[in-house]
Amino acid sequence: MSGAIDLSEKLSSFSAHWSPHTVTQFNDCDVMVVKVKGEFVWHKHDDTDDFFLVLKGLLDIQLRDRTITLGPGQMYVVPKGVEHRPVAREEAHLLLIEPTGTPNTGDAATAAPRSTV
């Protein structure tokens with residue numbers, strides 16, 4: 001990495017929702033930005049926790065027994081093996097961190113392809 005990473009610049013380079021874009025890597029993890037709107041699929045990750053940090057907008061993380069609502073500057077970690085569904089009523093921007101290669105749906109067959117910005 002040769003300099004600072006401008007997350008706003010990275011987010012402005014794409015428009016697709018629910019398609020994570022890797023901005024850097026550290027310790028075998030991808031640091032990604034993603035734009036979200038609407039409902040994602042119910043899913044879980046058997047081998048890793050799921051980290052969400054809201055940069056802009058509001059995000060509901062629905063769990064089977066409750067909903068966690070996050071605003072800008074707030075984060076939540078879904079423990080591995082816990083079924084969840086992220087929902088954004090309006091477009092929201094997120095920072096995600098997860099082990100490199102983790103499928104966003106918990107299943108490689110249904111995961112969105114990951115790109116780099």
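**Entry 1: neighbours of D60**

I looked up what D60 touches, leaving out residues up to four places away in sequence: T67, I68, T69, R85, P86, V87 and R89. Contact here means heavy atoms within 4.5 Å. The model is a predicted one, in which local features need pLDDT of at least 70 and side-chain atom pairs count only at pLDDT 80 or more, while totals for chains, interfaces and linings use all residues. Residues are numbered from 1 along each chain as its sequence is written, and side-chain values use heavy atoms, with hydrogens and water left out.

I then checked the side chain of D60 and found a polar contact of 2.7 Å with the side chain of T69. A polar contact is a pair of N or O atoms within 3.5 Å; within protein, one must be able to donate a hydrogen and the other to accept it, and residues adjacent in sequence count only if both atoms are side-chain atoms.

Is D60 buried or exposed? I noted D60 as buried, because its relative accessibility is 10%. The cut-offs are under 20% relative accessible area for buried and over 50% for exposed, with partly exposed in between (1.4 Å probe, protein chains only).

**Entry 2: strand β4**

I placed D60 in strand β4, residues 59–63. Helices (H or I, at least four residues) and strands (E, at least two) are DSSP runs, numbered from the N terminus. Five of the five residues of β4 are buried, so the strand is largely enclosed by the rest of the structure. In a regular strand the side chains alternate between the two faces of the sheet. In β4, L59, I61 and L63 point one way, D60 and Q62 the other way, and all are buried.

**Entry 3: partners of β4**

I followed the pairing, for which DSSP must find at least two bridges between two strands. β4 runs antiparallel to β5 (residues 67–70), joined by four bridges. The two form a hairpin with three residues between them, and L59 stands opposite L70 of β5. With β7 (residues 84–99), β4 also pairs in the antiparallel sense, over four bridges. There I found V87 as the bridge partner of D60.

**Entry 4: positive phi**

Most residues other than glycine have a negative phi. I noted W18, not a glycine, with a positive phi of about 60 degrees. W18 lies in the loop between α1 (7–11) and β1 (21–26), and counts as buried because its relative accessibility is 15%.

I also noted N27, not a glycine either, with a positive phi of about 45 degrees. N27 is in the loop between β1 and β2 (29–39). N27 is exposed, with a relative accessible area of 66%.
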